[in-house]
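Here's a quick briefing for anyone opening this structure for the first time. Take a look at it, then read on.

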Amino acid sequence: MSTIQSLVKSYKHRFGIEVTTVLGCPVDCIYCPQDQLKKEGRGRKKRLSFDDFKQAILNIDTDATIHWTGYSEPCLSADLERMVQFAASCGLEQYISTTLSGNPKSVDFVINSQDFYSFQLHLPDNSGLMRGLTIDDEYVKNLRRCFETKHRQGLSSTISVICFGEDFHPLIKDIVLESRSSFGTDIGNYDRRNKIYSRAGGIDLEKMSEHGLRGFDAYYQNKNNNINSNQSFYCKTKKMNSPVLLPDGSLSICSFDYALRMTYGNLFTQKLTDIRKEWLLRFSDEFSSGKLSPCTECEHYVPYSQ
């Protein structure tokens, strides 16, 4: 058994498919390389249809969870409710990370839905780093309603709250703090984060420092190092178990690869187990030897000694 096969089998968390409902996100976070995605996504299908998603779900023939995140805000899809409910009817556990923006009906659905085992709110900061998001009365109302609804449903422990930057936007900070106080220890995670990942080299971390953001780790680029032939590399964040489903059915290696440098298989036409076997057969040696792109541009792709 190869190094990567052993590693995949040893992962403690389950295999998850991140779903990109729309290729291109108008929320336009400054720490998200959407320009790279827009350039490399030319010629690709832009929106995931319900019928295609349904076929993808039917081709999941192994244990997996569905993560509504990927490269864009999931609520941008008008079909989100139908897709979530179909996945739930198939017995799949689902996670969502949402900014509570996009299609109004989809936003309303996720606020009221009880289909998510984990619910992350990605909220605006006080420096305007989420450049395409308008924080108006409707947004504030929806955020307050979301907290109140999850608390009433007994699901407050499923919620985690995150913003990238120094602090939450002043129009929502009190709501977040009030909810945190009301939930007490029930709220899953409360994170004001001024650190970011480089998105496999898609973000200039030095420029991000101008906005008060810095990288998580020393940027390890093994292309600038002499690689010992006996070294074995791996992903510290276990992203090998979280490919991204694109609207055309192909899988991207992980949600850090906004340049779509490695896409493979097609979940509309192939079983998931077959796609995984094909990936391992074609790329496991390259991955474990420290030579696989886009991993070579990522700070989390390191030798076992690190």
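**A first look**

R199 counts as buried, at 12% relative accessibility; buried means under 20% relative accessible area, with exposed over 50% and partly exposed in between (1.4 Å probe, protein chains only). Keep in mind that this is a predicted model: local features need pLDDT of at least 70, side-chain atom pairs count only at pLDDT 80 or more, and totals for chains, interfaces and linings use all residues. Residues are numbered from 1 along each chain as its sequence is written, and side-chain values use heavy atoms, with hydrogens and water left out.

**The chain as a whole**

- The chain has 9 helices and 13 strands, which are DSSP runs numbered from the N terminus (helices: H or I, at least four residues; strands: E, at least two).
- Of the 306 residues in the chain, 54% are buried.
- Take the contacts (heavy atoms within 4.5 Å) in the chain with a separation of 6 or more: 73% of them are between residues 24 or more positions apart.

**Around R199**

- You'll find R199 in the loop between β7 (195–196) and α8 (205–208).
- Leaving out residues up to four places away in sequence, R199 touches Y31, P33, F256, Y258 and R261.
- R199 and P294 sit 95 residues apart in sequence, and their C-alpha atoms are 9.7 Å apart in space.

**Around D257**

- D257 belongs to the loop between β11 (251–252) and β12 (263–264).
- D257 is buried, and its relative accessible area is 0%.
- Not counting residues up to four places away in sequence, D257 touches Y71, S252, M262 and P294.

**Around T98**

- T98 is part of strand β3, and T98 is buried with a relative accessible area of 0%.
- The side chains of T98 and E73 are joined by a polar contact of 2.9 Å.
- With residues up to four places away in sequence set aside, T98 touches E73, C75, F119, Q120, L121 and H122.

**Where α3 meets α4**

- Helix α3 (residues 50–58) packs against helix α4 (residues 80–89) at an angle of about 20°, and their axes are 10 Å apart.
- Axes here are lines fitted to C-alpha atoms, for helices over the stretch in contact, and angles run from 0 to 180 degrees between N-to-C directions.
- That makes α3 and α4 roughly parallel to each other, a label for angles under 35 degrees.
- On the α3 side, F50, F53, K54, I57 and L58 meet R82, M83, F86 and A87 in α4.
- The residues of this contact divide into 7 nonpolar, no polar and 2 charged (Ala, Val, Leu, Ile, Met, Phe, Trp, Tyr, Cys and Pro count as nonpolar, Asp, Glu, Lys and Arg as charged, and the others, Gly among them, as polar).

**Helix α5**

- In helix α5 (residues 104–112), the buried residues are S106, V107, F109, V110 and I111.
- Their cover includes α4, β3 (94–98), β4 (116–122) and α6 (137–152).
- The N-terminal end of α5 is capped by N103, which has a side-chain oxygen 3.0 Å from the backbone nitrogen of K105.

How values were computed
Parallel < 35°, antiparallel > 145°, perpendicular 65-115°, else oblique. Polar contact = N/O pair within 3.5 Å; in protein donor to acceptor, adjacent residues only side chain to side chain.
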